[in-house]
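Welcome! Have a look at the picture, and then let us talk it through together.

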Protein chains: 2
Amino acid sequence: MSAVLEQVKRARQAGRKLAVASTGLKNRALETMAQVLADRSGPILEANAGDVRRAAQAGMPGPMQQRLGLSEAKLRAAAAGLRQLIELPDPIGEVMARWQRPNGLVIEQVRVPMGVIGIIYESRPNVTVDAASLCLKAGSAAVLRGGREALASNQAIVAALQEALATVELPVDAVQLVADPSREAARELMTLHGELDLLIPRGGAGLIQTVVREASVPVIETGVGNCHVYVDRAADLAMAVHVTVNAKVSNPAVCNAAETLLVHRDVAPSFLPRVAAELGAAGVVLRGCPRTRELVPQAEAAEEADWETEYLDLIMAVKVVDSLEEAIEHINRYGTMHSEAIITGDAQAAGTFLAEVDAATVYHNASTRFTDGFEFGFGAEIGISTQKLHARGPMGLKEICSYKYRVSGDGQVRG
Amino acid sequence: MSAVLEQVKRARQAGRKLAVASTGLKNRALETMAQVLADRSGPILEANAGDVRRAAQAGMPGPMQQRLGLSEAKLRAAAAGLRQLIELPDPIGEVMARWQRPNGLVIEQVRVPMGVIGIIYESRPNVTVDAASLCLKAGSAAVLRGGREALASNQAIVAALQEALATVELPVDAVQLVADPSREAARELMTLHGELDLLIPRGGAGLIQTVVREASVPVIETGVGNCHVYVDRAADLAMAVHVTVNAKVSNPAVCNAAETLLVHRDVAPSFLPRVAAELGAAGVVLRGCPRTRELVPQAEAAEEADWETEYLDLIMAVKVVDSLEEAIEHINRYGTMHSEAIITGDAQAAGTFLAEVDAATVYHNASTRFTDGFEFGFGAEIGISTQKLHARGPMGLKEICSYKYRVSGDGQVRG
C-alpha cells in the first residue's frame, strides 16, 4: 500500500469517528486549535520563514512570496476564523425532509458528512487552517495537499491542529497533510476512487484543469472567474459607474472581480467616457472593441483572447453590444459561470438576464464582488464552485456535506 | 470539430431554449411523445426485431436478448411513463431559499436545469424514452449513448421523440442519440469537459468503472448494490425471515436486492435454519461462514470474494457476527453504500446502525428493495446514486437539476 493510500485509509477511520462526534466536542476541538495555534506561533513562523527564504532563493516573485508569508496577525486571523466557526450551527444530523409512504414507511432525508475530503491548493498556508477546520465542523476528515513551497509551514500548522485533536480525544488522523510533496503523490490522491469522497482544488486555472482531467474521484471545481458587468440601455449610469469600478478595482486579484464590461450601444456614448475616466484614474488599462475605441481613444485594441481572459489584474476588456440578447450570448459563450451582473432600471430586461445567463450567481444592480461565503451570510467559505453538480457558487459548511435516507418500518416488504 | 462535440454543442443551444420553456410546453412535448411512440410502434418494433436478430446471431445470451427486446406492451408502458411525468410538478424555477442581507441585497437560491446531461447505458432500449423524458421535464437536453446492440431500436425511438419535439416547436436537438456507436465516441463524450454538465452511467459495474476512470466531466455513479440485511439479536425473527426472503428473492437481478445476510450469534441457532429453509425453498444457494455452516450444513463455504460480490442472482452470502459493531464494520468495509437494513426491536441498536452505516439508504425493519424513485414517491427515477456528491440514493427530477443564486440590489458595492 502506498503512503498516500495508507494516509487516506487512516483518514476514513478517523472520519467515521468525526461523523458521530457531538457538536460540543467538535467545537472544543476548534477552540483548542485556536489556542494551540497561538501557543505554537513561534515554531510555525520559524518554519514559514524558512519556506519564504527558500522561495526567494528560487526566484519566486514578490507577490507570491507575500501570499506564502505568515505573520502573527495572519495567525491571529486564522484563530479568529476558528472561533467564528464555533458559533455556526452544526450542519450534521439536520432532517432536511421527512414524509410517510402509503405503506407506512417513514422516510427521512438527513444531512451527513461527506467522509474524507481532499483539498489540493497552492501557496497560502492559512488555507490549511481554514480547510481543515471547515471539514472538521462538517464532520469530515481532511487530507490536505498544499504547495511544495509551503511544506514546512503546513507541517508545523498540521502538527498544531493534530495536537489540538489529541487534546480533546478526537483522532489525529482527521486532519492530515500529504507527507509526500511529489506530483506523483498528488496524482495518486486524485485517483483514489472509493477511498476519497470529494476532492476540491483551490488555486489557479492550471491546477484546477489538471485535477479535472486527472481525477477519478468526485471533484468540485472552484474559482476561475471570467465575470462580466453588463450596462443596459435602461441603466442608472451613475450606479453603473459605481458598480463597474467596484467590481473591477476593489480587489482585482480575486475570482469575483469583473474582467469584461459590456455596454448597450444606446448608452455607450454617454457612459463609456465617464467610466473610462474613473477606471483610468484607478489605474485600469482598457482593451476595447472598435466601437469602444471610437468613444475611448485611450483604450487598447481588444483581441479575441481578451474575451476569454481572467486577468486578475487592473485590466478590463470592453465591448459595445447591440442588445440585451447579444450581452447574454457573449456571457454564456465566454464566461466561466461564476458571477455576472446587469445594471438596469428595466425589470423585464433584468428578469431575462437573471433567467438566461448561466452562472452560479447573477446580479441585478449590484457588484459581482459579493460572491463570497461571508458576504452571503454563510459565516465561512471553502471555495466558490463553478460547476453545476452538487454545489454552485459560495460553499460553506452545508455545501461540503452529503445526505442519506433513513427509512423506518415495521416489517414492510416490496410486492 | 468531431461529430460528438458538434452534437453536444447543438444540445447546449437546445438546452438553453428548454431551460426557459414553460411547464405547459414541456408537458405538451411529453404528451406528443406518448402519441408519436404509439403511432410509430410499427417501425420501432421492426428496428428492434433487427437488433434482436443480430444479437441472437452474435450469440447474445437469452436473458440479455429479453432485455433488448421491445413489444407493444413495453412501448405502452413507456408511453404511460411519459404521461405520469406530465402529472409531476415542474422542478425548475422553484425558489429553494430566500434571505436578505444587512446591506439590503436579496439573495434567492433558485432551482435551474443542469444544461446538457449525457447518459451512457446498456442494452434496454426503453431507457432511451425514460432518460430523455426525465431530462426534458427537468429542462435539460439529453445526449444518449445506448448500447451498440440496440442502435437501430434507439435510432427509431429517438426519431419519434424528435418528431414530437418538432411538433410542439421545441428544438429537436434537445434529445439526441450519439450517432457514432464506437467506443472512441463514448470516450470522447466522457471528456467533453465544459460542454457536458453531467454524465450518468447506467449499467453493470464494468461500464460504471470505465466511466468513473475515463471521465473528466462530472459523473454520478449509479447502481452497483452489494446490499446487506443484518438480523440483530433483538430481532422479531418472523419479521426477519419475511424481510430477508423479500430482499433476496423478490427480484434478485436488481441493485437493491440483498446479497449478504449478517446474523447476530445469539439468534443464529434459532434464525438461520428457519431462514435457510425458506430461502432454499425459493431456490437460493447459500454461501456461509464456518459458523453458518455448522447450523446450515447445506450451505456452501463462503470465500473472501463472496463478501464483495453483487451476485444479482439467487445466491446469498451468510455470516454470523458477534455484535452490532461487527455488522456495521462488515457493511462499511464490503458494501457499496447503496441500501442496508437492520432488523431489530432494539431502538438503540437501530439508531446506531442507521447513524454509523455509510450508505445512501439505511432501513430499520424493512426490505432493502424499497430503494427506488417510485417507492420513495418521486414519481420517476433516472437511477440510484451510490456516491455522496450531489445526489444520493434514488434520483428523480429534482436530483438532476442544479441551482443558481439570484441577487437583487439597488447599486450595492463591496467595501
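Predicted model: local features only at pLDDT ≥ 70, side-chain atom pairs only at ≥ 80, totals over all residues.

Guide: Residues are numbered from 1 along each chain as its sequence is written, and chains are lettered from A and ligands numbered from 1 in the order in which they are written.

Visitor: Which element gives the most to the side of chain B that touches chain A?

Guide: Two residues are in contact if their C-beta atoms, placed from the backbone, lie within 7 Å. The contact takes 56 residues from chain A and 56 residues from chain B. Helices (H or I, at least four residues) and strands (E, at least two) are DSSP runs, numbered from the N terminus. With eleven residues, the top contributor on the chain B side is strand 16 of chain B.

Visitor: Which strand of chain B is joined to strand 16 of chain A?

Guide: Two strands pair if DSSP finds at least two bridges between them. Here five bridges do the joining, and the strands run parallel. Y405(A), for instance, stands opposite T361(B). The partner is strand 13 of chain B.

Visitor: Which strands stand at the edges of the open sheet?

Guide: The sheet has ten strands with mixed pairing, in the order 1(A)-2(A)-16(A)-13(B)-12(B)-7(B)-8(B)-11(B)-9(B)-10(B).
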